[in-house]
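Biologist: I am new to this protein. Please walk me through it, step by step.

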Amino acid sequence: MADVRLRINSVDLTTSLLHPPDSTWRVDRTTGPEIGTFEFDIGDPNKSITITEGHEVIFDDPATPTTIRHFGGIVTEIETTPLGVGRRYRLTCQDWIVLLDKATFAKTYISTTDQAIIVDILTAGVSGLTEITTTNVKLGRVIDRLDFKGVSVRSALDTISDITGLVWYIDAF
């Protein structure tokens with residue numbers, strides 16, 4: 001990953017990303033409903049960078065013909081340590097799936113396809129899911145009845161997966 005770009009809360013911080021041997025960074029990607037992580041260090045020599053939990057993080061490679069996204073998610077942990085007269089941020093981020101644990105909803109679906117249920121859940125204005133699209137949701141089958149009462153979106157997707165036998169995941173885009 002020679003040419004990478006790091007954006008936090010839409011601000012390009014690529015030049016602040018600390019590279020080996022000064023630091024290490026690691027992307028743990030998953031397939032399926034497990035949460036992926038990204039850990040890295042940012043150098044802030046002038047103490048001018050502000051990062052808070054919940055900020056969006058995009059780590060990609062814009063030098064490829066079609067930009068390859070290595071990670072998309074949010075900051076979940078911040079550790080700050082002195083670095084000369086400035087500071088070093090050690091950031092732990094989790095991919096978009098973590099948002100599915102935070103968003104809850106209630107609704108009943110009768111004789112509805114799994115695809116329509118998933119699209120409805122993710123586009124019906126459920127708080128905090130604006131980063132997640134439904135472009136690649138595939139049709140599996142019609143589900144006779146589903147009742148969700150104050151459940152997390154992740155739990156709802158797991159239930160649909162259990163019924164249909166299909167696997168769900170949220171990609172970095």
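Modeller: First a term: contact means heavy atoms within 4.5 Å. The model is predicted, so local features need pLDDT of at least 70 and side-chain atom pairs 80 or more, while totals for chains, interfaces and linings use all residues. Residues are numbered from 1 along each chain as its sequence is written, and side-chain values use heavy atoms, without hydrogens and water.

Biologist: In what order do the elements run from the N terminus on?

Modeller: Helices (H or I, at least four residues) and strands (E, at least two) are DSSP runs, numbered from the N terminus. The protein has three helices and nine strands. Their order is β-β-β-β-β-β-β-α-β-α-β-α.

Biologist: Which residues touch the most other members of the largest nonpolar core?

Modeller: Such a core joins buried Ala, Val, Leu, Ile, Met, Phe, Trp, Tyr and Cys residues through side-chain atoms within 4.5 Å. Buried means under 20% relative accessible area, exposed over 50%, partly exposed in between (1.4 Å probe, protein chains only). This core holds 25 residues, and those touching the most other members are L100, I117, I121, F148, V153 and I160.

Biologist: What does I160 touch, beyond four places away in sequence?

Modeller: I160 is one of the core residues listed above. Its partners are D114, I117, I118, I121, I143, L146 and F148.

Biologist: Is H70 buried or exposed?

Modeller: H70 is found in strand β6 (residues 68-83). Its relative accessible area is 9%, so H70 is buried.
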